Amino acid sequence: MKGKRKKFIAGGVLLVILAVGAAVGVKSYQDKMKNRLWSSKWEDSFCNLHNNNYMANGILYEQDCYIRFCDNASGKDDLICVDQNCSHEASKDSSCGAYVYASGLAGMAIRGNHIMYIAASKEDYGKCELYVANLEGKERKKLADLMEADVICDVLYHDNMIYVSYLQTQKDGQGSDIYGIYAYDLDKRKGYELFRKEGNGYCPDGMAMGDKWLYISYAYSDASKDEILAHSEDQQFEKDHMKTCVKGIDPVSGNVKKSLDGFGNNNVLLYKQGYLFYTKDQDLYCYSEKSDSAEKINEKGDYIAMTGGPEGKAYFRASDPKTGKLICAVYDIVDGRWSSQETDPFFPEAVCGDNVYGSDSTDNLAWMPLKAVEKGDVFQVHAYESQWNAE
């Protein structure tokens, strides 16, 4: 990514461009932007609660409002800014392509020749805005004002749609918690509230696009606000009143089409080849959209789903019940068989392309070839070398 620099325009071509009317130039740019911002041929992009977007060639992520990219080929973790003379200043007027003046960033994704992201306003708390920039973070344009939120959890890019899972919490003990899904249509340039729940203790727990429905999971408390305050130090009361659920909602209307008794595991829902994987009482279940039936496929394993992976297989992180060491467990969707390999000290989190992403023994972002993980070859852990960090 860092190697992609702007090409100088030849003098003759430049004169032609300058001769074009301003109105025509603006319209041409807008048309190009519209055509390049989404395509039904592009694979989905998913940015999780930790603001990591795992890709076939690396990890796009955010750190202190700087957009960074971990490149598998070079082994470097660096800012997306390519200006060798840039000081990477963190200020409102910063010209650094990697820095965004915001109180927080979410949903970083490469879509075509652009980076898209959601910025939380630094001056107007709770206001969230959708931006697009080139691959170097330059030529930024605000596309839309989105919902207000305290926390943005998952962001999913699917065809022309962006789905944002968010949370608004009570202010000074007043009002209700709000859990919602906000949808933005890149084709129509229009956003709307797709799904919304109000109450106490709402907490998002994963999102995944199925063939029919958009699946979401969340937890909430069925106790009243006064009851929660009266038992603020009673963990058992909190546990007794905490409810969890998985919902399949229409991705256009937001109407609930399917309800499952369970929850995502560690804020992850996994959908593969017509099957949704979710957890209930530490048991792992597999729901089939086609047959509209659910089956328990693992007991008391506390398996954490990892997004992505090749067709026919579902990948999970777990600990070996005998040794306590980390393992990667693989479920064959066709024959229903399990296999596993130890990955300790590598901590796997996601599968994309031919690689598994996670962290090494010192908690640095790292990756392993998928084939090496499946063979248990932990000597092929590649930790990224950080090139620049804000102080």
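Asp302 sits in the loop that links E20 to strand E21 (304–306), where strands are DSSP runs of at least two residues, numbered from the N terminus. In this predicted model, local features need pLDDT of at least 70 and side-chain atom pairs count only at pLDDT 80 or more, while totals for chains, interfaces and linings use all residues. Residues are numbered from 1 along each chain as its sequence is written, and side-chain values use heavy atoms, with hydrogens and water left out.

Although Asp302 is not a glycine, its phi is positive, at about 50°. With a relative accessible area of 44%, Asp302 is partly exposed, a class that lies between buried (under 20%) and exposed (over 50%), using a 1.4 Å probe and protein chains only. Asp292, in the loop between E19 and E20, is not a glycine either and has a positive phi of about 55°. Most residues other than glycine have a negative phi, and most peptide bonds are trans. A cis peptide bond, with omega about 15°, joins Asp344 and Pro345.

The loop between strand E19 (283–288) and strand E20 (293–298) also holds Glu289. Glu289 is buried but has no salt bridge, and Lys212, the nearest side chain of opposite charge, is 5.9 Å away. A salt bridge requires a side-chain nitrogen of Lys or Arg within 4 Å of a carboxyl oxygen of Asp or Glu; Lys and Arg count as positive, Asp and Glu as negative, and His and the chain ends are not counted.

Methods: Helices (H or I, at least four residues) and strands (E, at least two) are DSSP runs, numbered from the N terminus.
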